[in-house]
Amino acid sequence: MILSVQNVSKSFGEDVVLNGVSFHVEDYEKVAIVGINGAGKSTLLKIIVGELEADEGTVTLSRGKTLGYLAQHQEAFGERTIYEEVLEAKSDIVEMEARIRSMEAEMETVPPEETEEFLERYHRQLLEYEARDGYALKSEVSGIIKGLGFSENEFDKPCKELSGGQKTRVALARLLVTRPDIILLDEPTNHLDIASITWLETFLINYRGAVVVVAHDRYFLDRVVTKVVEISLHKSMVFNGNYSYYAQRAQEVRQERLRAYMNQQREIKHQEEVIERLQSFNREKSIKRAESRKKKLARMEVIEKPGQEHSKMHIRFTPAIESGKDVLAVEDLAKSYGDKHLFSDISFDIQRGERVALIGENGTGKTTILKIINQIADADAGEFRLGTNVCIGYYDQEQQELHMEKSLFDEIGDDYPWMTETEIRNILAAFLFTGDEAFRLVGDLSGGERGRLSLAKLMLSEANFLILDEPTNHLDIASREILEDALTGYGGTVFFVSHDRYFINRTATRILNLSDGCLTNYLGNYDYYLEKRDGMIQVSETVTSGTSPAKSEPVSDSKADWQAKKEEQARLRKLNNDIAKTESDIAKLEARLKEIDAEYEKPYIATDPVKLSELGKEQSGIDEVLEKLYDKWDALNKELDEG
């Protein structure tokens, strides 16, 4: 075991973030920490690396092991270039190489009597340099920088000129070069294109160390991790397996817990009804049985009702009108920025009902194509045409359509002045902005919050052609799944750019790959694109003869369902009849016992030993029958409650 997290708790004021979180990481294990935005994932990483102090609990790193950490946001870099910044992470090896070169330059001036001792020092330096892979350092640095999406002509670019996403990639490259025993990564795929994410996956899969990663990229998690730690409602739960296994098993665990809770609640209700019924019989034995059941109920360990994360958006895209069949036609589009050529002679069309994903490496011009169609940027050449009744709804990953100086309420209300205050608040609440949050300034929102606000406005637009630029950026996994469901159930047309392969796989019906200034069309989802791209698909047609029984299956299934339903109805009727009959038998015997009690009080019977004996035997017999009837009534009601 390389890392142990035991009962870690953390609060900020009255806001509980983590409560008793525990898990461990084995050597070479690849672990994901998942949860909704705000669950405390980044806080947990900061506690592990010592940037934050836990209120309770311990974090233990095995003795002698090294730890590396990539935060979501990077501090400013200095004057170094990209290559120099990454190489500086191995400054000890660089300095060692400098010493070796210096010793080589000194060799000819070393006095003869010092030569042997000098050569011994020189060879020791060489052996250590070789043992620490010094000879491979520069090629390793270059390979990692290129793998993370920088071209070789960008190596000499000063880091101070980089964007926030590029700085994160430089920080990641620095970290990977140092090769610590355990790497902690907070959203490492946020600023990577698909090619770079794929490279990082391969790197981490083969990494000779442990990895703990916070990420919302499900495709990435499926490929890399072997254990998932879920943070939900401030607590942790551990699942051994990749993301897909976790997603299925976590749902099963929640259902099992809910079933156990519901079953116990039914049992409690049933016992309370039995107790009430027994007490209503108002006999000593039935009252004793009721008291016994009360004590048993009081000793029951009550299962806590499973909690739920209250953080799910409610999205439903509904076009106001239907567009024509031809939605978009693009012909011979070209665009350059100065000396940087993006693309030329780009042509494609989109039909009503299609969901088309535009993919490609960073910097190829994907966002530019979307901006040209939305008339935010001008093409150098070519043209595009929108079809009949096409109404565009645009999601801008930079959220430039939002007004930073407005409140959330005004951002919605100014664009949709016919909406009432209640309607605006309901829309904001559907996207997780409740109460006074409606009056926060847009400029004060996080990237994820601005994304949710943009999605709210997009939903209100009632557009029939959605153009989306990286819509899943900053969304947690639950929100991504909700957006996927909304798009797959959408009656309009979708054209989107995304690096989220899982999202593409679930939503796209066609893929356009922009590479080297050219578009390649793939009719299918992301998995199909991979097969075609890698040349792994083999098209074959098999002709079969004979009639298929497929159409008869639903008929027989329907008949079987009908038969089963009838049988279940008959079973329930019999149960209810049996319960009614049992209650009637109990009532008759209880009435007879009251009559016997009344007869005991009659003077002429009190002096008749034979009659007293007969009544006593009858009473004992009734008591025995009643005990059995009570048990039978109890069992029948339990069977009815369990369905």
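## Confidence

The protein chain has a mean pLDDT of 86. Of its residues, 94% reach 70 or more. Residues 536–559 fall below 50 in pLDDT. Beyond near neighbours in sequence, that stretch has 4 contacts in the model. Where pLDDT is low, the predicted coordinates should not be read in detail.

## Helices α5 and α7

Helix α5 spans residues 137–147, and helix α7 spans residues 194–205. They pack with their axes 9 Å apart, at an angle of about 135 degrees.

On the α5 side, the contact is made by Gly-143, Ile-144 and Gly-147. On the α7 side, Ser-196, Trp-199 and Phe-203 take part. By class, this contact of α5 with α7 has 3 nonpolar residues, 3 polar residues and no charged ones.

Strand β8 (residues 227–232) pairs with strand β9 (residues 235–240). The sense is antiparallel, over 6 bridges. Ile-231 stands opposite Ser-236 in β9.

The two strands form a hairpin with 2 residues between them. In the turn, Leu-233 has a positive phi of about 55 degrees.

## Gln-125

Gln-125 lies in helix α4, residues 115–131. Its relative accessibility is 18%. Buried means under 20%, so Gln-125 counts as buried.

Leaving aside neighbours within four places in sequence, Gln-125 is in contact with Met-96, Arg-99, Ile-100 and Met-103.

Key:
Residues are numbered from 1 along each chain as its sequence is written. This is a predicted model: local features need pLDDT of at least 70, side-chain atom pairs count only at pLDDT 80 or more; totals for chains, interfaces and linings use all residues. Side-chain values use heavy atoms; hydrogens and water are left out. Axes are lines fitted to C-alpha atoms, for helices over the stretch in contact, and angles run from 0 to 180 degrees between N-to-C directions. Helices (H or I, at least four residues) and strands (E, at least two) are DSSP runs, numbered from the N terminus. Contact means heavy atoms within 4.5 Å. Ala, Val, Leu, Ile, Met, Phe, Trp, Tyr, Cys and Pro count as nonpolar, Asp, Glu, Lys and Arg as charged, and the others, Gly among them, as polar. Two strands pair if DSSP finds at least two bridges between them. pLDDT is the predictor's confidence in each residue, from 0 to 100. Buried means under 20% relative accessible area, exposed over 50%, partly exposed in between (1.4 Å probe, protein chains only).
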